[in-house]
Amino acid sequence: MKVNTDSETITELPSSVVIIPIVNAPIFPGMIAPIILPQDKFTPELEQYIAKTGFVGLNLVKFKEEMEPMIDADEEADIQIPEDEQEEAVQVAGDQSDSASPQAFSIENITSKDIYKVGILCKIVKKLKLPDGSVNILVHGLKRYRVKEFLQEAHLLVAKTEVFDDILEPDEELDAYTRSVINQVKKLSEINPYFNEEMKLAMLNSPSPGSLADLVAFALSLDVPEAQDFLETLVVKKRFAKLLVYLKREKDVADIQKKITDEVNEKVNKYQREYFLREQLKAIRTELGMEDDEKSRDMKKFKELVEKSGMPEEARKAADEEVERLESIPDSSPEYNVARTYLQWITQLPWAKATEENLDIVEASRILDKDHYGLEKAKERILEFLAVRKLKPEYDGTILCLAGPPGVGKTSLGQSIANALGRKFYRFSLGGMRDEAEIKGHRRTYVGAMPGKIIQALKRVEVNNPVIMLDEIDKLGKSFQGDPASALLEVLDPEQNKTFIDHYLDVPFDLSKVLFIATANYVGEIPEALLDRMELISLSGYTLEEKMSIATKWVIPKLLKKHGLLKSEFVIGANTLKQLIHDYAREPGVRILEQTIAKLCRKAALEKVTHKKFTKFEPEIKDLEEHLGSKRFQSEMALNLLQPGIVTGLAWTSYGGEILFVETIPLKGKGFKLTGQLGGVMNESASLAYSYVKSLLQEEIDKKAKPVTTKQAAAEVINPATGMKPSEEPNDYLEKHMIHLHLPAGATPKDGPSAGITMATALYSLATNKKVKGSVAMTGELSLTGRVLPVGGIKEKVLAAKRAGIKEIILPNENEKDLKEVPERHRKGLKFHPVKTFDEVIKIVLGK
């Protein structure tokens with residue numbers, strides 16, 4: 001059967017045909033395309049049917065994700081089609097060409113419901129077996145057809161067919177459509193490789209408008225739904241209308257693609273042009289004997305810096321390798337700047353440059369005393385360090401940790417230490433730091449990588465023996481990016497920091513000459529392994545007298561200069577200053593004191609500007625509330641007369657020491673009740689005191705017990721078991737009453753074991769109905785066996801007792817040594833009672 005390219009009718013078309021499902025774009029009438037079937041899919045039944053009829057139907061498969069194609073990409077890639085077959089496969093009747101071949105599906109996996117009803121009736125032109133066993137069937141598309149009914153579905157899909165011709169209405173509109181399509185194709189041919197000269201020639205030789213539309217649609221590679229819709233459109237005008245939409249879309253996509261390609265080519269051409277120009281410039285400079293280019297200057301500079309740096313052998317080797325690498329990299333490459341930055345860092349570090357130290361002990365002591373009042377322990381430790389350095393200059397590896405409340409001068413002390421030693425000083429805060437790379441640097445594989453803070457500090461100070469302050473070391477964070485505290489273990493270990501390796505440099509650097517000083521507010525927040533590597537120096541808060549001296553010598557002169565006031569224009573008396581500290585700036589440090597005095601300076605500045613007759617600003621005690629507002633602190637004062645069950649205790653707070661009263665009252669019922677926002681440790685301490693006092697009173701009852709007759713007991717209402725009247729039995733008092741123990745200032749959290757003997761004394765006083773002297777205060781932990789155990793904060797507690805008018809202080813015997821920390825002027829007028837057991841406490845306060 002032959003096809004006439006002049007649209008002659010095709011005779012003897014079969015009434016039924018075997019259907020081969022295809023998955024991608026279909027062929028259209030008048031086109032020739034190959035179909036490749038694997039050996040296992042080209043069944044004897046299919047071969048027999050094809051040989052009998054010589055026709056097949058190609059129908060598109062409805063999209064289903066679970067269907068597997070008959071041939072996958074790898075199998076298709078392995079199939080080799082002979083050249084003559086390939087040439088024949090792209091031939092189209094009337095010199096038309098195709099751009100793609102359909103892909104067959106497994107017939108056994110496809111049912112009649114899975115394919116579209118409208119397809120292409122094709123004549124088999126040639127059948128060829130390929131070396132791998134698959135079969136290449138070359139088909140020629142003849143007509144559109146529709147499945148009327150399926151005659152067979154098992155093994156083969158055989159259907160009864162109804163063939164259609166194009167519906168053609170020649171008129172001016174059809175001519176316009178045809179010309180529009182041809183013009184669009186011409187435009188696309190400039191940017192789309194599919195629309196080549198052969199394609200345009202095939203379009204001009206198309207036998208009919210319908211064939212022209214089919215040819216262009218085939219070249220566009222429409223998706224399955226669009227291709228099927230186009231296939232089912234019999235009216236040629238409608239087919240052209242749809243085709244124009246597809247061509248417009250293809251043109252838009254091609255324009256965008258061309259724009260992207262042009263931009264990429266422009267950038268590539270720019271880099272190539274710059275490279276060639278640089279090479280030409282380099283050659284011209286060489287010919288003329290002019291100075292070196294930028295890269296040559298860089299190479300020369302880095303080689304000189306490496307020579308002068310004095311770096312150790314391992315670092316020198318790494319630097320030389322990087323210089324060689326830099327020389328081989330084009331300066332237009334991004335890698336060039338990475339290598340150049342690394343060399344800048346490694347050559348600018350102070351490998352062998354150090355500051356000459358001031359080892360004059362007297363001068364260092366003068367500088368420390370000039371900058372800070374008090375802080376004797378810290379100053380003494382620095383002078384010891386200087387003394388050792390004077391005897392043994394190679395002594396290194398000192399790491400100090402200054403711990404104390406805010407505002408006591410930890411950070412400024414670090415600067416003073418650097419001044420006293422004659423070293424350079426660098427400070428950075430560790431507060432909130434969460435990334436390990438902040439300490440040890442980023443590896444160079446990352447974009448924008450930099451060394452860690454330690455190496456950055458050394459580059460800035462330009463010496464290898466500075467004083468580096470690690471501020472707020474107790475506030476280090478921790479995250480998924482690592483634990484900075486663990487990274488500091490190497491930095492702060494004298495045995496390891498001699499070979500500290502920053503991730504960025506990747507060569508060892510000696511940190512042993514650096515004096516590290518860390519600061520912290522709460523030692524308990526520092527990891528134990530980190531704390532173990534540092535020498536801890538505790539800075540307690542300043543006393544009232546120390547604050548007055550600091551305010552007079554440092555704070556007031558500094559603030560007067562800052563606010564533009566003369567010394568004669570701002571006068572604050574000693575009593576006024578003392579009251580100001582007591583009521584408004586009781587914190588252990590001097591930061592709040594400075595802020596408070598600054599507020600008075602601003603008041604003075606305002607008066608100086610607004611009052612013409614201003615001479616000086618001299619606030620009195622009575623003026624403080626007017627200038628500074630209500631008092632921030634209210635102090636407890638010693639009471640001369642205390643009722644039974646009330647005892648004066650001593651407590652330590654972040655603001656220093658305080659006295660507090662432990663109050664107890666009896667209630668109806670039985671039990672023991674605690675109030676005053678007490679912490680877990682203090683609750684346990686109160687329960688222990690209650691149990692011990694009950695035990696102690698029971699022992700006293702047993703000692704006093706006398707044998708009496710039943711008649712005597714009845715006459716005098718005496719308990720035969722104890723030999724005492726009920727009113728004389730202290731133990732009965734605790735048994736028959738609920739005891740309520742309270743610590744005033746209920747809004748303030750309280751915790752710790754140091755109020756143990758105070759609470760026990762209050763319970764004993766209540767049970768025996770005996771008063772405790774109001775001039776006596778006490779502190780100490782109580783054990784269950786009556787021993788008095790040592791506590792902390794003795795200095796602050798003694799100072800608080802003196803402020804409150806206390807005359808006698810009871811403290812644990814083991815804390816007697818801590819009284820040496822209290823200046824003699826503060827101990828004067830106080831009587832101290834070191835005790836070992838609670839019995840001694842009772843004898844002192846009750847005289848028993």
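# A conversation about helices, strands and buried residues

Guide: In this predicted model, helix α17 (residues 484-491) is largely enclosed by the rest of the structure, because 6 of its 8 residues are buried.

Visitor: Which residues of α17 are buried?

Guide: They are Pro 484, Ala 485, Ala 487, Leu 488, Glu 490 and Val 491.

Visitor: And what do the buried residues of α17 pack against?

Guide: They pack against the helices α15 (437-440), α16 and α18 (528-531). The strands β11, β12 (500-501) and β14 are also packed against them.

Visitor: Let us step back. How many helices and strands are there in the protein?

Guide: The protein has 29 helices and 24 strands. It comprises 848 residues, of which 47% count as buried. Considering contacts between residues at least 6 apart in sequence, 75% join residues at least 24 apart.

Visitor: β11 and β14 came up. What is the order of the strands in their sheet?

Guide: The order is β10-β11-β14-β9-β15, an open sheet of 5 strands with parallel pairing. β10 (425-429) and β15 (535-538) are the edge strands, each pairing on one side only. On average, neighbouring strands of this sheet are turned by 20° against each other, direction ignored.

Visitor: Over how many bridges do β10 and β11 pair?

Guide: β10 and β11 (residues 467-471) pair over 5 bridges, in the parallel sense. As one instance, Arg 427 has Met 469 in β11 as its bridge partner.

Visitor: Which helices pack on the sheet?

Guide: α13 packs on the sheet and touches β9 (399-403), β14 (515-520) and β15. The direction of α13 makes about 145° with that of β15. Helix α16 (residues 453-461) also packs on the sheet, where it touches β10, β11 and β14. The direction of α16 makes about 150° with that of β10.

Visitor: Take Val 467, please. Where is it found, and is it buried or exposed?

Guide: Val 467 is found in strand β11. Val 467 is buried, with a relative accessible area of 0%.

Visitor: What is Val 467 in contact with?

Guide: Leaving aside neighbours within four places in sequence, the contacts of Val 467 include Gly 414, Ala 418, Leu 421, Phe 425 and Tyr 426. Leu 515 and Ile 517 are also among them, as are the charged residues Arg 423 and Lys 424. As for Asn 419, which is 48 residues away along the chain, its C-alpha atom is separated from that of Val 467 by 9.5 Å.

Visitor: Back to α13. At what angle do α12 and α13 cross?

Guide: The axes of α12 (residues 361-371) and α13 (residues 376-391) cross at roughly 155° and come within 10 Å. The two helices are therefore roughly antiparallel to each other. The crossing of α12 past α13 is right-handed.

Visitor: Which residues meet there?

Guide: Ile 361, Ala 364, Ser 365, Leu 368 and Asp 369 in α12 meet Lys 379, Ile 382, Leu 383, Leu 386 and Ala 387 in α13. By class, this contact has 7 nonpolar, 1 polar and 2 charged residues.

Visitor: Now α4 and α6. At what angle do they pack?

Guide: Helix α4 (residues 172-189) and helix α6 (residues 209-220) pack at an angle of about 30°, and their axes are 11 Å apart. They are therefore roughly parallel to each other. α4 passes α6 in a left-handed crossing.

Visitor: Which residues make that contact?

Guide: From α4, Leu 174, Thr 178, Val 181, Ile 182 and Val 185 meet Pro 209, Leu 212 and Val 216 of α6. By class, the contact has 7 nonpolar, 1 polar and no charged residues.

Visitor: A new topic: which strands does β8 join by bridges?

Guide: Strand β1 (residues 16-22) is joined to β8 (residues 158-164) by 3 bridges, and the two run antiparallel. Strand β7 (residues 135-152) is joined to β8 by 7 bridges, also in an antiparallel arrangement.

Visitor: Which residue takes a positive phi in the hairpin of β7 and β8?

Guide: His 155 does, with a phi near 65°; the hairpin has 5 residues between the strands.

Note on methods
Residues are numbered from 1 along each chain as its sequence is written. This is a predicted model: local features need pLDDT of at least 70, side-chain atom pairs count only at pLDDT 80 or more; totals for chains, interfaces and linings use all residues. Side-chain values use heavy atoms; hydrogens and water are left out. Axes are lines fitted to C-alpha atoms, for helices over the stretch in contact, and angles run from 0 to 180 degrees between N-to-C directions. Helices (H or I, at least four residues) and strands (E, at least two) are DSSP runs, numbered from the N terminus. Angles under 35 degrees count as roughly parallel, over 145 as roughly antiparallel, 65 to 115 as roughly perpendicular and the rest as oblique. A crossing is left-handed if the near helix is turned anticlockwise from the far one by less than a right angle, and right-handed if clockwise. Contact means heavy atoms within 4.5 Å. Two strands pair if DSSP finds at least two bridges between them. Buried means under 20% relative accessible area, exposed over 50%, partly exposed in between (1.4 Å probe, protein chains only).
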